[in-house]
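Open the model in your viewer and keep the sequence panel beside it. This tour moves from one selection to the next and says what is there.

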Amino acid sequence: MTGLTVILLLVVLATAVATGARRWRLPAPSLLVIAGLVVGLIPWVPEVRLPPHVISVLVLPPLLYASAGEISVRDLRSVWRPVTGLVFGLVLASAVAVGYVARAITPLTIATAFILGAVLASTDPVAVTALGRRLSLPPRVQAMVQAESLFNDATSLVLYKVAVATAVSGSAITVSGTVEQFLILAGGGALIGAAVAAVVTLIRRRTEDPVLETVIALVTPYASYVIAEDSHASGVTAVIVSGVVLGSTGHKLGNAPVRLQVHAVYDTVTFLLESVVFALIGLELPSAVRHLAHDEHGWPLWVPVIAFTVLAIRLLWIFPLSALIHYRHGEGDSRLSWRVPAVLSWAGTRGVMPLAAALSIPLVTDTGAPLPHRALVLTLTTGTVALTVVFQGFTLASVVRRSGIALEPEHTAREEARTRRRIAHTALEELKQLGDLDELAELGAAAEAAVKQARRDLEARIHQAEDAHYSDPDARPADAYREIRRTLIGIEAAELQRLYEANMISNATRRRIQRELDLEETSLRARD
């Protein structure tokens, strides 16, 4: 069996497992890792060696871009203070703690132990987003979890590059050099990501070709990553920044059919890549174990210790940080809740990013000698990632449920109903101002009937939002009605955006209702 055959079979297996996970409401990443591990343990399955660029260049950019597109600039502004403490302080503390523990219990040198700490220092946006989609977390908590996982990569990447440089060349670490490298990586990546987003925005505003816009959307994360890496900046940061910017302005780019097609294509790509990459994490572990030296076979004991260290340092950092924020906001008289810190701590899974970093560790030092314990670093990384994704993935829902912070389905339904009623009222008020039919003369003789039909439709929408009872719509008048209804959809979309910018609805509600409006507008266009 060739490696290509294994990959094709893995795609089929991963797709089947992910589909089953959705049907059974189980965490897909956790099941996929287990499936990959089982396949990797089968004796007749050939070893699959992943070149570093396969994950870092081909797989990561679209997954990071899709994850970044799900968080809005408004939500980022509301959580930037606690996220900053996690992005810098927690990443550094995690790297130091993991490195110290690894040096104490494994044969790793100080340099390679620091590499392991840097690799495992940050949470993974792909894993966090994939697990978070199943949970109805409050918008602020969801924003903190996603924002931390997106923006802590720059910090861990600087630590990783410093650790690798130390291990490969034996050079000394300086604070000034580390700060300079961080500014180049993070700052340069952010600037390049913003520039790519600006160029893409200009292009997409000037075209309504669905195929062209879909190609542009697919190429954007790769362009951000490659340009940033070639400029010696952080490609990961560039992809994330471009994703956040374009995700927040996506409702203004293109028309409804284009937006629906782009979302459909990206949903397909994301589903396929996530399914395969989590299965590859499980598949990589048996392969990495086969290359261990004789003094490195204690990894089954070391992996749980390192995974526990990662979780423990996260708990020890987040709870005091939460208490500090609690008291700084003048809430010292109220009781500090454990619920949000517990969920934030448990949601910090590792995933694709640490695996990509571990695979890119150099094989040799500057002297040409093999880098000591590289296989062990890869094994410990893969084992820790697999353990956190499986263990925390299967238990995260229980933690959220016991914490009581998850939004009830009724809460989401009420918010959506209020929003639909509000935007329908706005459109109805605008329609009532069209009482002078001279303004509609260009629509022909059917204008009066079309206005009445549109009014009845909006009034029915208001009653539906109040009663949650939906009935089949009446037959639509032809051209006149479609023209008026498209105008009203634009009014509803503008009101929807206004409610969101006024912080009256969540980003998830805005995205769902905007998709409904896009679907209706696309249906009207198809009848022209």
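Select Trp317 and show its contacts, meaning heavy atoms within 4.5 Å. Leaving aside neighbours within four places in sequence, Trp317 is in contact with Gly85, Leu86, Gly89, Leu90 and Ala93. Now draw the distance from Trp317 to Leu90. The two are 227 residues apart in sequence, yet 6.5 Å apart in space, C-alpha to C-alpha. Trp317 belongs to helix H12. Helices here are DSSP runs of H or I with at least four residues, strands are runs of E with at least two, and both are numbered from the N terminus. Trp317 counts as partly exposed, at 30% relative accessibility. The classes are buried for under 20% relative accessible area, exposed for over 50%, and partly exposed in between, with a 1.4 Å probe and protein chains only.

A word on the model before going on. It is predicted: local features need pLDDT of at least 70, side-chain atom pairs count only at pLDDT 80 or more, and totals for chains, interfaces and linings use all residues. Residues are numbered from 1 along each chain as its sequence is written, and side-chain values use heavy atoms, with hydrogens and water left out.

**The whole chain**

Zoom out and colour by secondary structure. The protein has 19 helices and zero strands. Colour by burial next. Of its 528 residues, 53% count as buried. What share of the contacts with a separation of 6 or more comes from residues 24 or more positions apart? That share is 83%. The accessible area is about 24100 Å², and carbon and sulfur atoms hold 63% of it. Areas come from the Shrake-Rupley method with a 1.4 Å probe; for residues, only the protein chains shown count as cover.

**Rings**

The structure holds two aromatic pairs. Select Tyr65 and Tyr266 for one of them: a tilted pair, 5.6 Å centre to centre, with 40° between the planes. Rings of Phe, Tyr and Trp (its six-membered ring) pair if their centres lie within 6.5 Å; planes under 30 degrees apart are stacked, over 60 edge-to-face, and the rest tilted. Tyr65 sits in helix H3 (residues 52-69) and Tyr266 in helix H11 (residues 256-289), so the pair ties together parts 201 residues apart in sequence. Both Tyr65 and Tyr266 are buried.

Jump to Tyr500 and Arg510. The charged end of Arg510 sits over the ring of Tyr500, 4.6 Å from its centre. The criterion is NZ of Lys or CZ of Arg within 6 Å of the ring centre and within 35 degrees of the ring normal.

Stay in this stretch and pick Asn503, in the loop between helix H18 (479-501) and helix H19 (507-526). Asn503 is not a glycine, but its phi is positive, about 60°. Its relative accessibility is 58%, so Asn503 counts as exposed.

**Helix H9**

Select residues 210-230. Where is the kink in H9? Look at Val219, shortly before the proline Pro221, where the kink is about 35°. Such a bend is the angle between axes fitted to the seven residues ending at a residue and the seven starting there. Val219 is partly exposed, at 44% relative accessibility. Val219 and Pro61 are 158 residues apart in sequence and 9.6 Å apart in space, C-alpha to C-alpha. The buried residues of H9 include Ile216, Thr220 and Pro221.

Move to H13, residues 339-346. Six of its eight residues are buried: Pro341, Ala342, Val343, Leu344, Ser345 and Trp346. These pack against helix H7 (139-169), helix H12 (299-328) and H15.

Next, Thr365, in the loop between H14 and H15. Thr365 is buried, at 13% relative accessibility. Beyond neighbours within four places in sequence, Thr365 is in contact with Ala167, Val168, Pro370 and Leu371. Ala167 is 198 residues from Thr365 in sequence but 7.3 Å away, C-alpha to C-alpha.

Finish at His373, in the loop between helix H14 (352-359) and helix H15 (374-403). Its phi is near 65°, positive in a residue other than glycine. His373 is buried, with a relative accessible area of 18%.
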